[in-house]
Amino acid sequence: MALRGPAGLGPGSRRPLDEAVAGAVGREAPALLAAGGAPEDDEEDDGRGRGLLRWDGFSAWLHCVCVVGFDLELGQAVEKDPAYFYGYVYFRQVRDKTLKRGYFQKSLVLISKLPYIHFFHTVLKQLAPEYFEKSEPYLEAACNDVDRWPAPVPGKTLHLPIMGVVMKVRIPTCHDKPGTTQIVQLTQQADTNISVILPTVHEVDIFRCFCPVFLHSQMLWELVLLGEPLVVMAPSPSESSETVLALVNCISPLKYFSDFRPYFTIHDSEFKEYTTRTQAPPSVILGVTNPFFAKTLQHWPHIIRIGDLKPTGEIPKQVKVKKLKNLKTLDSKPGVYTSYKPYLNRDEEIIKQLQKGVQQKRPSEAQSVILRRYFLELTQSFIIPLERYVASLMPLQKSISPWKSPPQLRQFLPEEFMKTLEKTGPQLTSRIKGDWIGLYRHFLKSPNFDGWFKTRRKEMIQKLEALHLEALCEEDLLLWIQKHTEVETVDLVLKLKNKLLQADREHLPVKPDTMEKLRTHIDAIILALPEDLQGILLKTGMT
């Protein structure tokens, strides 16, 4: 399973009883931290003509590797930085009568800023069983292998060797559509050195996770879209983790901007905040397993209680939507406990399609493709009208003058947007009927809209800055300085240098030759000034 942030966990795998992958991370100092800092003189060539500090290659993929012990009083724990990390956990439990509770318990944890759930899950399945047999020297050798991996550049297909196994993976990009694999299948002869080919590094088996509740998948999509507080109560950490991650991914390519904790425990620092009844629950999706939460989170507005996830090919009984007042006991039956009334009518076609797949014993992978495509089309139908309206807030290119500050974006006006829906709303691309207007009004007040609009606004401002920069580059600046004073010319040089720094710092979407043109302009202007000013301006920064 995997961990996100100070205390969230993601998907896991299952082993025989003596090696169950269902662990948790909490509050015990790690026995091993690989990938710590290195002496500055510990530099080596990586074989590709680059000088790298020791562990630089490792750090591109992983923050550290931890071995976590368990304390009966404190529970399990690892200190983490405030920034979010993903932790991938392999938990081993072996019967040992000499210990107080009769079991030896230890977890191997990979901590990374990369949300490559399926990939690191696969890595753990390769490493953990061997580690528990061979201990730290084996783990150190594995870390050395990771240190030699090429950087995870989006869009690249990589061959990654680790302890005698070679994995072929493609690093996803922000433009990939959910559920599509772009790994090029090479010929059998060319692939003889490949042990494992992963069609995805980051996606979970979404149908397996939604299987007990697929009749209500559209309602759950609405709850996630709106950033509603949501609890998943599951029988194991791995099932809790996978279900939470499937929920977060169901609104892709729209990013889920609220917090989510795939595996939340009573040891988490936010435990009191999330269980208090003196304030409304925050916008967060929690995955829990402890029966204690059935009581302490009873006031949360939306709770999904699931039983054991069935192996691929087996379909559990569909749970019903029930009122929250029915969630009173620790042994409540599986179900979706909520008073929420969906804005959209249920799409019976997708239900029939998935039910037909169940009857025909269609593989879970194929069912996942159908469900992902459905969620993708639903999200796109919802977001396209917003994209269209936001694009209209962009000033016309002809209004951009090189000698004036870039023009401002028009303000987002909710009522103005609502008026556009009559002719260019989701009805153009979706067959689903219902109260789309009400759904949009609710969404505009949600953290997901706030995060999405801030991101789009930043992108558009950067585009305006880039267009302004390109307009400046097309001007005859040497002719301009002939008509202006030295003071004005020096001011222009300083502003142009700031534009260069901004373009580099903010990765402005400028044309490839624009930056070089701007540097040429700056050099030419400086050379046209007196020598004393040339020396001063050259010292203010590299051109």
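**Close-up views of a predicted model**

**View 1. Helix 12 (residues 436–443) and the helices around it.** The buried residues of helix 12 pack against helix 5 (217–225), helix 10, helix 11 and helix 13 (447–473). Look here for Trp436, Gly438, Leu439, Tyr440 and Phe443, the buried residues of helix 12. Buried means under 20% relative accessible area, exposed over 50%, and partly exposed in between (1.4 Å probe, protein chains only). Packing here rests on contacts, that is, heavy atoms within 4.5 Å. Helices (H or I, at least four residues) and strands (E, at least two) are DSSP runs, numbered from the N terminus. This is a predicted model, in which local features need pLDDT of at least 70 and side-chain atom pairs count only at pLDDT 80 or more, while totals for chains, interfaces and linings use all residues. Residues are numbered from 1 along each chain as its sequence is written, and side-chain values use heavy atoms, with hydrogens and water left out.

View 2. The protein has 17 helices and 17 strands. Of its 543 residues, 51% count as buried. Among contacts with a separation of 6 or more, 71% are between residues 24 or more positions apart.

**View 3. Helix 10 (residues 364–391) meets helix 11 (residues 414–424).** The axes of the two helices come within 10 Å and cross at roughly 120°. Axes are lines fitted to C-alpha atoms, for helices over the stretch in contact, and angles run from 0 to 180 degrees between N-to-C directions. Helix 10 and helix 11 are therefore oblique to each other; angles under 35 degrees count as roughly parallel, over 145 as roughly antiparallel, 65 to 115 as roughly perpendicular and the rest as oblique. On the helix 10 side you will find Pro385, Leu386, Arg388 and Tyr389, which meet Glu416, Phe417, Thr420, Leu421 and Thr424 of helix 11.

**View 4. The largest nonpolar core, with its 104 residues.** A nonpolar core is a set of buried Ala, Val, Leu, Ile, Met, Phe, Trp, Tyr and Cys residues joined through side-chain atoms within 4.5 Å. Trp61, Phe119, Phe210, Trp221, Phe382, Leu386 and Phe412 touch the most other members. Helix 10 gives the most to this core, with 10 residues. A second, separate core of 23 residues includes Cys473, Trp480, Leu496 and Leu537.

View 5. Beyond its neighbours within four places in sequence, Phe412 is in contact with Leu386, Tyr389, Val390, Leu393, Phe417, Leu444, Phe449 and Phe453. Rings of Phe, Tyr and Trp (its six-membered ring) pair if their centres lie within 6.5 Å; planes under 30 degrees apart count as stacked, over 60 as edge-to-face and the rest as tilted. By this rule the count comes to 30 aromatic pairs. Phe119 and Phe120 form an edge-to-face pair, 5.0 Å centre to centre with 65° between the planes. Phe119 is buried, at 0% relative accessible area, and Phe120 is buried too, at 1%.

View 6. Met163 sits in the loop between strand 9 (157–162) and strand 10 (165–170). Its phi is near 50°, a positive value in a residue other than glycine, and Met163 is partly exposed at 28% relative accessibility. Lys361, in the loop between helix 9 (348–359) and helix 10, has a positive phi near 55° and is exposed at 70%. Pro253 lies in the loop between helix 6 (237–249) and strand 13 (259–261); the peptide bond from Ser252 to Pro253 is cis, with omega near 10°.
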